[in-house]
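Here are my notes for your review. Please read them with the structure open.

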Amino acid sequence: MATLRELKGRIGSVASSEKITGAMKMISSAKMHRAEADLRKLLPFRRQIESIIANLLSADAEFSSPLTEVREVRRAGIVVFGSDDGLCGGYNINIFKGLLSHIARLRKEAEGRSLEFVLIPVGRKMIKACAKLQDPTVSIVPVKGVSAKSSPEEVTRFSFDLQERFRLGELDSLDILYMNFQTAGRQRLRSDRYLPLSPDLITGTAATVKCRPCIFEPDPATIFCSVIPMYLLSTMQEIFTENRASEQAARIMAMQSANDNAKKLLEELRLEYNKLRQQGITNELLDILGGQVNN
């Protein structure tokens with residue numbers, strides 16, 4: 001049975017843990033709101049790119065780009081986003097499980113055709129998780145200087161590097177696996193085809209934008225080839241930002257759960273401490289009374 005001193009020490013430790021988890025929750029909340037604000041800041045750039053594409057498609061011209069070229073998939077690239085830090089619950093585990101399911105689905109769609117996978121993990125925790133894969137058809141290619149906290153300049157270089165790999169034929173397709181941020185309490189694992197860029201996606205995006213009469217200089221086809229990389233860049237910027245927001249939202253939930261558990265344990269320890277203290281007082285009173293009777 002624990003002594004009063006031991007219980008008091010445990011109460012102090014749990015109380016400190018409660019304060020720490022509460023502070024971490026507040027910090028994560030502030031970071032999540034900052035990521036949400038960054039998402040809103042990206043909207044004007046995204047909308048401007050979509051407006052240009054819509055006006056281009058409304059022109060009577062043929063468009064083609066190396067980034068929309070569909071070819072037989074022999075080397076499939078997958079960029080999988082995770083976190084750099086821990087203490088975010090099952091965030092990275094759920095993404096890794098989704099990665100395994102995504103690989104299995106691509107293999108099934110290949111219908112027996114040989115298929116190699118090139119995994120490009122983003123985030124220190126995801127790099128460690130992917131390193132555990134023991135599969136001769138899967139190669140892990142982390143990119144130096146790119147993390148879940150990458151700056152806009154690093155995201156730009158990363159996006160253009162992926163586009164160049166596709167152009168050179170190093171990858172025949174490229175999917176992106178990440179947590180789509182919806183609300184603070186809801187994030188959904190999502191996989192998107194990044195390259196080749198689907199014409200249907202471009203057309204669907206353009207259909208939501210109101211077109212205006214435009215004069216194209218030098219010509220629509222040249223502008224189209226210049227705009228497509230910018231469209232892909234805006235997509236990558238949003239994904240990085242959503243990944244940061246989702247990570248912090250997951251950490252908020254994990255810290256809230258830890259904080260609730262600490263409060264519950266603290267109440268139980270205080271109750272046990274008070275019972276033991278009261279028992280000690282009662283025993284002392286009984287000893288005093290017993291001594292008086294004997295006298």
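**Notes on the predicted model**

1. Start with helix α2. The buried set consists of Tyr91, Asn92, Ile95, Phe96, Gly98, Leu99, His102, Ile103, Leu106 and Ala110. Viewed down the axis of α2, these buried residues fall within an arc of 160°, so they line one face of the helix.

2. Next, the length of α2. The helix covers residues 91–110, which is 20 residues. At 1.5 Å a residue, α2 should span 28 Å. Its end C-alpha atoms are 29 Å apart, which agrees with that expectation.

3. Check the backbone where α2 ends. Glu111 comes just after the helix and takes a positive phi of about 55°.

4. Ser159 has 0% relative accessibility, so Ser159 counts as buried. Setting aside neighbours within four places in sequence, Ser159 is in contact with Tyr194, Leu232, Leu233 and Met236.

5. Then Gln237, in helix α6. Is Gln237 buried or exposed? Its relative accessibility is 17%, and the cut-off for buried is under 20%, so Gln237 counts as buried. Apart from neighbours within four places in sequence, Gln237 is in contact with Leu42, Phe45, Val155 and Thr156. Gln237 and Ser159 are 78 residues apart in sequence, yet their C-alpha atoms are 8.7 Å apart in space.

6. Helix α6 also has a surface feature to look at. Leu285 is found in α6, which spans residues 220–294. Together with Ile281 and Ile288, Leu285 makes a nonpolar surface patch of about 250 Å².

7. On to charged pairs. How many salt bridges does the structure hold? The total is 16. Two of them involve Glu72. Its side chain meets that of Arg74 at 3.5 Å, N to O. Glu72 also forms a salt bridge with Arg113, where the closest N and O atoms are 3.8 Å apart. The pair of Arg113 and Glu72 links distant parts of the chain, 41 residues apart. Arg113 sits in the loop between α2 and β2 (116–122), and Glu72 in the loop between α1 (4–57) and β1 (75–81).

8. Glu72 has 44% relative accessibility and counts as partly exposed. Arg74 is partly exposed too, with a relative accessible area of 43%. Arg113, at 30% relative accessibility, counts as partly exposed.

9. The side chains of Asp135 and Arg107 meet at 2.6 Å, N to O. This pair also links distant parts of the chain, 28 residues apart: Asp135 is in the loop between α3 (124–131) and β3 (138–140), while Arg107 is in helix α2. Asp135 counts as partly exposed at 25% relative accessibility. Arg107 counts as partly exposed at 36%.

Key
Residues numbered from 1 in each chain as written. Predicted model: local features only at pLDDT ≥ 70, side-chain atom pairs only at ≥ 80, totals over all residues. Heavy atoms only, no water. Helix = DSSP H or I, 4+ residues; strand = E, 2+ residues; numbered from the N terminus. Expected span 1.5 Å × (residues − 1). Buried < 20%, exposed > 50% of the residue type's maximum accessible area, 1.4 Å probe, protein only. Arc of directions from axis to C-beta. Patch = residues over 30% accessible without salt bridge, like charges linked within 9 Å, V, L, I, M, F, W, Y side chains within 5 Å. Areas by Shrake-Rupley, 256 points an atom, 1.4 Å probe, with all protein chains shown as cover. Salt bridge = Lys/Arg side-chain N within 4 Å of Asp/Glu carboxyl O. Contact = heavy atoms within 4.5 Å.
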